[in-house]
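Please read the following briefing alongside the sequence and the coordinates. Its points are grouped by topic.

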Amino acid sequence: MMTFSRVILSALVLGLPGLAVDTSAQEDDLASVSAALAPRAEGLIIARCSVCHSPDLVSQQRLPKDRWMATVDKMKHWGAEISNDESDLLVRYLSARYHPGAPDHLPPFDSELRKAEPLTQEPVQAGPLVGVAVRGAGIFEHNCQACHGAGAIGGMGPKLAKNPILKHEDLFWETVLYGRGPMPAWGSVLSQQDIADIHAWLLAR
Amino acid sequence: MSLSRRAWLGKVLQGLGLSALVSHRPVAARAAGNDPSSNESGPLIARVTRPYDAETPVREFTSFLTPNHRFFVRSHFGPPAPELITEANWKLRVGGLTDQPLELTLKDLAQFERVTITAVVQCSGNGRAFHRPKVPGVQWERGAVGNAQWTGVRLRDVLAKAGLRRNAKHVQFKGADRPVVSSVPLFVRSIPLEKALHPDTMLAYEMNGRPLPLLHGAPLRVITPGWMADSCIKWLTDITVQAEEAKGYYMQTAYRVPVTAIQPNSGLPGTSMVPVEAMVVKSLIVSPVNDGQVGLVPVTIQGVAWSGEASVATVELSFDEGKTWEPARFVGEDERYAWRRWQYVWKPKGPGSVAILSRATDAEGQVQPQSTPWNPSGFLWNGWDRVTVTVQA
């Protein structure tokens with residue numbers, strides 16, 4: 001027991017100067033990094049990370065970069081649908097915002113999300129978007145299936161095959177772009193063409 | 001689907017005690033203060049909303065037994081689809097290194113001798129939020145623990161019926177809960193045969209005299225008295241007797257601690273990791289509450305204390321940051337695996353802010369330390385408990 005506490009104590013003493021170097025200038029840097037990355041990163045957390053658990057499991061951590069990296073790698077290995085670029089961006093964001101010195105209470109995700117900009121600022125199409133069902137199948141599988149089930153027959157989220165909402169396109173688009181309750185907002189993750197493709201595929205189910 | 005969904009919701013609500021709160025408890029009784037459970041304070045403290053993980057406000061631990069709907073909730077994937085665990089569909093399979101594999105229904109289990117044990121069940125990560133440097137995982141504070149009366153059958157009676165082969169060394173458990181994405185490892189764990197054959201290790205189908213609620217593992221869960229709850233698999237469907245420890249993430253990687261103390265964030269050179277098993281000695285101050293106010297009059301400080309495989313011998317309090325300690329007095333029930341309640345009448349010396357510390361010592365001489373050895377996943381926290389109060393003139 002003695003040796004235990006001595007190890008802890010010396011580690012704490014050694015660790016403290018490290019914390020003290022964390023000057024307010026560095027704090028500002030971290031804050032500006034996280035502000036710059038927030039719109040995309042928060043969009044990814046909602047769309048990709050909340051398939052298996054709510055995002056509060058992410059936002060309650062306060063970890064150094066190496067542990068964020070290990071955590072995001074583990075999630076990817078377990079099935080989080082993120083590319084290498086996306087995981088780099090997430091790790092940079094998470095270690096800037098949820099670092100060990102960050103306050104216990106940070107504004108909740110929602111307020112960040114309201115600021116989230118669409119990822120793809122495509123010029124407004126000249127004509128209406130035409131969805132391509134075969135492409136929609138793959139996009140659905142990677143983004144929606146975990147919650148809406150294979151073949152869109154329902155799961156943790158409602159059944160989408162033959163769902164009346166498919167006939168109310170404005171409602172469908174609104175739900176998919178901005179989310180609703182536990183349903184993530186896809187506006188900052190998928191392009192409008194992607195959503196149109198999913199819609200076309202769903203209509204054919 | 002819609003029907004079972006409603007049934008499921010009903011069960012979840014039942015587990016949360018919402019239905020009880022909403023429909024059965026007359027508001028007048030609560031207002032009159034003659035409801036024994038009037039220290040219930042709103043919903044449990046949710047740590048993760050999906051899958052639902054929540055802890056009990058520590059002020060509620062004035063009662064010996066923690067009511068089912070106030071008991072902390074923890075799982076990795078949330079409760080299984082209700083269809084899987086209805087009485088008609090549910091079965092317990094016992095196999096592996098056995099002479100005769102079994103498939104048991106709840107009726108079959110009722111044929112075994114019925115046993116009841118009051119035991120503390122505590123999440124291995126309870127207190128994780130207090131480790132420094134901080135570690136990843138659900139940031140539990142003090143309330144991922146509870147004391148309940150568990151009724152069911154002895155695991156060893158069930159194993160005896162199946163007949164153990166000579167090379168049996170470990171007993172593996174699997175529940176009916178599943179991750180949303182199938183690439184996530186299942187929550188499968190094992191305990192050594194010695195613990196499995198201990199006469200107090202049981203398969204529980206009742207909690208505090210009621211059928212096990214859905215959130216607590218209906219219809220059957222493992223209870224390993226004295227051990228942390230990572231062994232207390234819920235929604236149990238499969239028992240497999242093996243020569244080896246369970247394989248997979250939740251046994252081989254997670255729920256392990258270093259054998260010897262390590263430097264925080266140092267990596268683990270030369271240290272081997274062992275599974276989290278027995279609980280460590282621990283006390284909590286239940287009343288007064290942290291950041292509360294007391295008058296300049298004698299104050300009864302109340303709390304609970306428990307340990308792993310030994311009973312609690314003493315609880316002491318300090319009002320001077322641990323320089324001197326005063327013994328508290330035990331009150332109420334004294335059962336082997338339950339927590340022990342304690343009290344201390346404190347006469348504040350004057351107005352101002354005071355930190356009250358508590359530490360327990362068990363019969364084997366384990367003492368609750370000022371802070372717990374750092375470990376990479378933040379298990380087994382048992383640092384001195386601390387409550388700060390303002391004494392008003």
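The notes below cover chain A, strands of chain B, cavities and cysteines.

This is a predicted model, in which local features need pLDDT of at least 70 and side-chain atom pairs count only at pLDDT 80 or more, while totals for chains, interfaces and linings use all residues. Residues are numbered from 1 along each chain as its sequence is written, chains are lettered from A and ligands numbered from 1 in the order in which they are written, and side-chain values use heavy atoms, with hydrogens and water left out.

**Chain A**

- Chain A has 10 helices and zero strands, where helices (H or I, at least four residues) and strands (E, at least two) are DSSP runs numbered from the N terminus.
- Of the 205 residues in chain A, 41% are buried, a class that means under 20% relative accessible area, as against exposed at over 50% and partly exposed in between (1.4 Å probe, protein chains only).
- Helix α5 of chain A covers residues 84-97, and its 14 residues should span 20 Å at 1.5 Å a residue, which agrees with the 20 Å between its end C-alpha atoms; the expected span is 1.5 Å times one less than the number of residues.
- Because 10 of the 14 residues of α5(A) are buried, this helix is largely enclosed by the rest of the structure; among the buried residues are A:Glu86, A:Leu90, A:Tyr93 and A:Arg97.

**Strands of chain B**

- An open sheet of five strands in chain B has the order β16-β23-β22-β18-β19, with mixed pairing; two strands pair if DSSP finds at least two bridges between them.
- In chain B, β16 (292-295) and β19 (326-327) stand at the edges with a single partner strand each, so one side of each is left without a neighbour in the sheet.
- Four bridges join β16(B) to strand β23 (residues 385-392) of chain B in the parallel sense, and B:Gly292 has B:Val389 as its bridge partner in β23(B).
- Strand β7 (residues 170-175) of chain B runs antiparallel to β8(B), with five bridges between them, and B:Gln172 has B:Ser190 as its bridge partner in β8(B).
- Strand β8 (residues 188-192) of chain B is mostly covered, with four of its five residues buried.

**Cavities**

- The structure holds two cavities of 30 Å³ or more; on a 1 Å grid over the protein atoms alone, a cavity is a set of points where a 1.4 Å probe fits but cannot get out, and lining residues have an atom within 4 Å of a point.
- The largest cavity has a volume of about 250 Å³, a volume being the space filled by probe spheres set on the points, which are joined across faces, edges and corners.
- Its lining has 20 residues, of which B:Arg74, B:Arg221, B:Ala229, B:Cys232 and B:Lys234 lie nearest the centre of the largest cavity.
- The lining of the largest cavity divides into 10 nonpolar, five polar and five charged residues, with Ala, Val, Leu, Ile, Met, Phe, Trp, Tyr, Cys and Pro counted as nonpolar, Asp, Glu, Lys and Arg as charged, and the others, Gly among them, as polar.
- The second largest cavity has a volume of about 40 Å³, and the residues that line it include B:Tyr52, B:Arg74, B:Leu215 and B:Trp235.

**Cysteines**

- The structure holds zero disulfides over all chains, a disulfide being a pair of cysteine sulfur atoms within 2.5 Å.
- The sulfur of A:Cys49 has its closest cysteine sulfur in A:Cys52, at 9.4 Å, too far for a bond.
- For B:Cys123, the closest cysteine sulfur is that of B:Cys232, at 11 Å, which is too far for a bond; B:Cys123 counts as buried at 7% relative accessibility.

Note on methods
On a 1 Å grid over the protein atoms alone, a cavity is a set of points where a 1.4 Å probe fits but cannot get out, and a pocket is an open set with protein on both sides within 12 Å along at least five of seven lines; lining residues have an atom within 4 Å of a point.
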